[in-house]
Amino acid sequence: MTPAQSHASNHAPGTVGSSPRWTGVARSGWIPAGLVLVGTVALMRVQAEVDLRDAFVFMAYVALCLSLPGTLIWRWLDRRQSRPFLEDLVLGTIMGYVVELPSYLLCLALGAPRLGLAAPVLIVAISLATSSGRVLWRRRKVRMPLGWSWMVAALVGFSVTWVAREIWSTTPMTPRSLRSPYVDEPFHLSLVAELRHHLPADMPFVDGVPLFYHWLTHAHVASSSWITGLEPVLLLRVLTIVPVLCLTIVGFAVIASRLTQQPWYGVLGAGLLALASTLDVFGWTPSSAPWAGPGFTSHYLYLSPTHTFATMLYLPLLLLVVEILSRGGASRRIWVVLPLLMLVVAGSKSTYLPITVAGLTGAAILSLLITGRVHRSVTVLTALAVVASLVAQAVFYGGSSRSLAWSPFATTRALAEQSGLGMQSTLSVSTVAIVTVSFIIAQLGVAAGAMGLLTERGWQSPVTVFLVGSALASLGAALLLGHQALGQVYFLYAGLPILVLASTLGAARLMVGAYYRRTVVL
């Protein structure tokens with residue numbers, strides 16, 4: 001059990017297991033979900049100027065090629081008979097992305113990229129043709145509380161509206177906007193074009209040089225372009241963002257509710273992920289924007305499609321790792337899928353798996369020190385993550401650091417210079433120290449709830465060590481490494497969902513015994 005689960009009340013009103021069984025669509029979560037869907041389509045049409053036909057084609061692709069087969073796969077992995085349908089749908093759709101990538105790459109290597117469509121058809125056919133598969137279509141459903149559905153829908157609706165106002169309105173699908181793209185957009189489009197036609201892929205702008213990059217995001221856009229017939233620029237600018245944004249926010253709410261067994265902490269966690277950011281202690285300078293530590297709902301949804309895509313893919317991996325550490329094991333099916341999930345995350349963004357390895361290594365060492373024996377599940381998890389990292393390093397990154405180097409305090413030195421405190425070469429030790437301490441304190445704004453994980457000897461829990469260790473590794477990497485384009489800050493951004501989950505589980509532990517409605521308010 002997680003630290004929060006071990007203290008959760010079995011009789012607390014509004015828990016997942018005791019949620020009221022409302023009858024009728026009017027009392028279900030379909031109404032807020034439908035409103036968000038209609039609003040999203042309207043915003044895409046008005047702000048991004050996307051043709052409605054294109055929007056509906058893409059929605060059909062997500063539903064039939066990702067959600068349907070992915071939900072069946074998730075149900076095959078998770079054999080519990082009773083859980084919310086939304087949990088299956090959201091985590092299943094993310095698994096649909098995971099399965100799509102290797103199937104598309106195999107078809108691309110064979111010279112038939114359109115055959116990627118065969119994978120979801122095959123999964124559905126197998127499930128209908130076998131008795132064990134047909135069971136996956138039936139589950140005893142547990143509904144989330146109606147208020148939970150409306151609040152999570154409000155978070156998603158706010159985030160989509162923010163994207164429409166801040167991103168789509170400035171980069172609509174118009175001739176004028178397409179002629180003046182964001183500086184990195186041609187680079188991303190060139191990778192998509194390369195991965196629509198070639199595997200192994202080369203750098204599209206340097207003949208004969210292999211493509212070493214976290215390129216699985218671009219492979220997904222290439223796959224969806226083949227299946228839907230839509231232009232890659234439309235997918236990259238507008239359409240791909242929508243399901244990734246929604247699945248990340250709702251997915252975090254689902255896994256936080258599942259781990260705490262209290263759905264309202266799912267709302268808290270999703271709210272922190274979507275809306276909270278670190279303290280902007282450098283707000284007095286206009287150059288502070290990259291350093292304020294934006295929440296998930298930020299311009300990086302568009303500026304860094306690789307980070308956005310990997311954050312979504314990381315959620316089921318984060319859930320499975322925490323549950324394995326809590327229970328001390330998992331089914332064989334989960335152990336089989338974990339290496340694929342780790343590789344897909346590593347190939348989507350290079351920052352997530354290294355900090356995961358750091359957290360798991362800390363959990364393994366602490367378990368050995370406390371119990372005097374090797375904890376099998378922790379050890380196997382750590383070994384899998386290390387092997388996946390090494391494979392990804394060879395396959396996706398060519399065995400090199402890609403300009404990432406050991407450079408202590410390069411991040412805060414650059415921040416000091418951009419804040420007008422002097423040139424990096426002339427900064428005093430005291431100036432760097434003050435900026436570094438301020439930077440660290442700023443990151444702790446989202447971490448307040450994590451203090452609850454340390455109470456009542458909670459620091460001895462492998463879950464606590466994994467979450468806190470991974471979050472510290474993300475901060476350490478951002479401070480001790482350097483990159484010519486300041487790419488090291490993406491380690492910090494990769495730690496956000498881990499830190500938010502730690503805060504959510506810690507808050508659930510701290511609030512044990514409080515009157516439930518008062519807990520919601522607090």
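**Entry 1**

I started with Ile-365, which is partly exposed, with a relative accessible area of 48%. For my notes, buried means under 20% relative accessible area, exposed means over 50%, and partly exposed is in between, with a 1.4 Å probe and protein chains only. This is a predicted model, where local features need pLDDT of at least 70 and side-chain atom pairs count only at pLDDT 80 or more, while totals for chains, interfaces and linings use all residues. Residues are numbered from 1 along each chain as its sequence is written, and side-chain values use heavy atoms, with hydrogens and water left out.

I found Ile-365 in helix H16. Helices here are DSSP runs of H or I with at least four residues, strands are runs of E with at least two, and both are numbered from the N terminus.

Which residues make the nonpolar surface patch of about 630 Å²? I listed Ile-365, Leu-369, Ile-370, Met-451, Leu-454 and Trp-459. Patch members have over 30% relative accessible area and no salt bridge; like charges are joined within 9 Å, and nonpolar side chains (Val, Leu, Ile, Met, Phe, Trp, Tyr) within 5 Å. The areas come from the Shrake-Rupley method with a 1.4 Å probe, and for residues only the protein chains shown count as cover.

**Entry 1: Helix H16**

Next I followed H16 itself, which covers residues 352-371 and has 20 residues. From first C-alpha to last, H16 reaches 29 Å, close to the 28 Å expected at 1.5 Å a residue. The expected span is 1.5 Å times one less than the number of residues.

I noted the buried residues of H16, among them Tyr-352, Ile-355, Gly-359, Ala-363 and Leu-366. An α-helix has 3.6 residues a turn, so residues three or four places apart point the same way. What do the buried residues of H16 pack against? I wrote down helices H14 (305-327), H15 (332-348), H17 (376-395), H20 (462-480), H21 (489-494) and H22 (496-510). Contact means heavy atoms within 4.5 Å.

**Entry 2: Leu-366**

I then looked at Leu-366, also placed in H16. Leu-366 counts as buried because its relative accessible area is 16%. Leaving aside residues up to four places away in sequence, Leu-366 touches Trp-459, Gln-460 and Val-465. Leu-366 and Gln-460 are 94 residues apart in sequence, yet 7.4 Å apart in space, C-alpha to C-alpha.

**Entry 3: Thr-411**

A polar atom of the Thr-411 side chain lies 2.4 Å from the backbone oxygen of Ala-478.

**Entry 4: Salt bridges**

How many salt bridges does the structure hold? I read off ten. A salt bridge is a side-chain nitrogen of Lys or Arg within 4 Å of a carboxyl oxygen of Asp or Glu. Side chains of opposite charge can pair when their charged atoms come close.

I looked up Asp-78 and found two partners: Arg-83, at 3.3 Å from N to O, and Arg-258, at 2.9 Å. Asp-78 lies in the loop between helix H2 (52-77) and strand S1 (82-83), and Arg-258 in helix H11 (residues 241-260), so this pair ties together parts that are 180 residues apart in sequence. Asp-78 is buried at 7% relative accessibility, and Arg-258 is buried at 8%. Arg-83 is buried too.

I also noted a salt-bridge network that links Arg-75, Asp-78, Arg-83, Glu-87, Asp-88, Arg-258, Glu-323 and Arg-327.

My other pair was Glu-185 and Arg-237, whose closest N and O atoms are 2.7 Å apart. This pair links helix H8 (residues 185-197) with helix H10 (residues 232-239), 52 residues apart. Glu-185 is buried at 5%, and Arg-237 at 1%.

Most residues other than glycine have a negative phi, and most peptide bonds are trans. I found a cis peptide bond joining Leu-199 and Pro-200, with omega about 0°. Pro-200 sits in the loop between H8 and helix H9 (216-228).

Glu-49 is not a glycine, but its phi is positive, about 55°. I placed Glu-49 in the loop between helix H1 (30-46) and H2, partly exposed at 41%. Gln-261 is not a glycine either and has a positive phi of about 60°. Gln-261 lies in the loop between H11 and helix H12 (263-275), partly exposed at 36%.

Notes: Polar contact = N/O pair within 3.5 Å; in protein donor to acceptor, adjacent residues only side chain to side chain.
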